[in-house]
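The model is shown below.

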Amino acid sequence: MKFARGLYIIWVFFRYGLDELLLSSVPHRGLRMVSRVLTVGRKLDEPRGVRLRMALQTLGPIFVKFGQVLSTRRDLLPPDIANELALLQDQVEPFPAEQSVAIIERSLRKPVNVLFTAFEREPVASASIAQVHFGRMRDRHGVERDVAVKVLRPGMRQVIGKDLDLMRMMAGWVERLNEDGRRLKPREVVAEFDKYLHDELDLVREAANAAQLRRNMEGLDLVLIPEMYWECITQDVLVMERMRGIPVSQTERLRELGVDIPQLARDGVNIFFTQVFRDGFFHADMHPGNLLVSVEPGSFGRFILLDFGIVGTLTEYDKEYLAQNFTAFFRRDYKRVAELHVESGWAPATTRIDELEAAIRSVCEPYFDRPLSEISLGMVLMRLFQTSRRFQVEIQPQLTLLQKTLLNVEGLGRDMDPDLDLWSTAKPFLEKWMMDQMGPKRFIEELKREAPSYARMLPELPVLLHRFLREQGKPAQQQALQLQQKELLALLKEQRQTNRLLQAVLYGAVGFALGLLSMQLLSHFGMFLRL
């Protein structure tokens, strides 16, 4: 079976001229000659990116999904290929309703007519990984709810396993044949695809992602995220609140209904930057197919987010790197951008700052010939990544995922509002994040977080001091004594820091109170003089 699938893949590669694309770039003269012979009689008029996209579509949903993930690695791919792969849509024929029903009943261990008061056998959406049906069910409180039921395609894990084995084998060929192929790191890309794909195959994980985003977005009043019904969620089945809205791509229809399209574009960017810089947890698949707009009276004009199989996470360190890079870029402080790459540890410590600075300037400076409304933050980030690779910088996967999502959000926002200024929208988030990191609020939060540790250590201080005095002078226990001395000195240092912090807070409070009192006295004295 694997052999037959391998032959079919080779035939598709030959049909779309991908063999010529690979062999013509190999430095070996013999292989280049083979490439010219193989192209005789074939019409290969389409650009290479188009041919690659068509080949992946022919090979089926797993290869389409691979192309989608590959399109996120713009730091590795030529622009023409990345742009074509970004056009891939995993619109797949639905599988029979009888199979959906069987999977639901096997996973949830109840008949469909017991689980749901109504169930639409005709799917409303079908993709490479799963398809969706609408229905109605009673929740744990007995209230009838409209629901969407997502069902994993049957046999997906087995199909994926076989195709991934073939992809790994082909990745090895590409690495061995071509120096450019080694630079693209095909094995690393396949491993990344393997991770994303298996994350999407676990619908419990997707539901957990949705629940986290729903909690994070509460109170923002810009976005709706469906509620998950956990009693009906397994690895193969996900039951969630049904969301009603109009696809964000239907801008004319939304405009006719009274939606403020420019405001909607700004709201979409606000949602993304809130997830990135406030929460460090963001929806990483924000393309038009996963975005609706509510036109219901109670939530008119708000976004609806769907499909939570792929999310990105950022550490505080990642957020600091991004915020400082963007800020330095818009100040044209390329030296600081270069220093950040070295300080982060991603560029070798031996990297010459002046050389990296010059390389960054050469790719970033042209952007400043354009108005800010035309500057793409996603492209800026991509250029930084591409330049960094020349200096052996290893870019973290979460940042390439962020860059891909940022390009999606920018493209979506500017489709709705061509005059959208991404920088003016991003700037408040960057400034607030920097203030939160270095301002008094962060100081108070750090003090609160460390207070339990100080509270545990301080009662131990007299015991350690007594032990230190008692054990002093005993040669046999010198090593233990040295360790205790270190502990004692560390505790004393912590106590001195705590005392300084408390004194600073106390002095600040006293100064604040005295200032208020002085203002009151001056106010009363002024009133007395006016009288």
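## Helix pair α12 and α14

In this predicted model, helix α12 (residues 203-217) and helix α14 (residues 261-279) have axes that come within 11 Å and cross at roughly 95 degrees. Angles of 65 to 115 degrees count as roughly perpendicular, and α12 and α14 therefore stand roughly perpendicular to each other.

On the α12 side, the contact is made by L213, N216 and M217. The α14 side contributes I271, T274, Q275, R278 and D279. Sorted by class, this contact has three nonpolar, three polar and two charged residues.

## Sheet

Four strands form an open sheet with mixed pairing, in the order β5-β10-β9-β7. Its edge strands are β5 (223-224) and β7 (246-247), each of which pairs on one side only.

Strands β7 and β9 (residues 291-293) run antiparallel and are joined by two bridges. P247 has L292 of β9 as its bridge partner.

## Cavities

There are three cavities of 30 Å³ or more in the structure. The largest cavity holds about 80 Å³ of space.

Which elements each supply at least two residues of the lining of the largest cavity? They are α14, β10 (303-305) and α19 (397-416). The lining consists of A265, G268, V269, I271, M286, L291, F303, L305, V409, L412, G413 and M416. By class, 10 of these lining residues are nonpolar, two are polar and none is charged.

Definitions and conventions:
Residues numbered from 1 in each chain as written. Predicted model: local features only at pLDDT ≥ 70, side-chain atom pairs only at ≥ 80, totals over all residues. Heavy atoms only, no water. Axes fitted to C-alpha atoms, helices over the stretch in contact; angles between N-to-C directions. Parallel < 35°, antiparallel > 145°, perpendicular 65-115°, else oblique. Contact = heavy atoms within 4.5 Å. Nonpolar A, V, L, I, M, F, W, Y, C, P; charged D, E, K, R; others polar. 1 Å grid on protein atoms, 1.4 Å probe; cavity = no way out; pocket = protein on both sides within 12 Å on 5 of 7 lines; lining within 4 Å. Points joined across faces, edges and corners; volume = space filled by probe spheres on them. Pairing = 2+ DSSP bridges.
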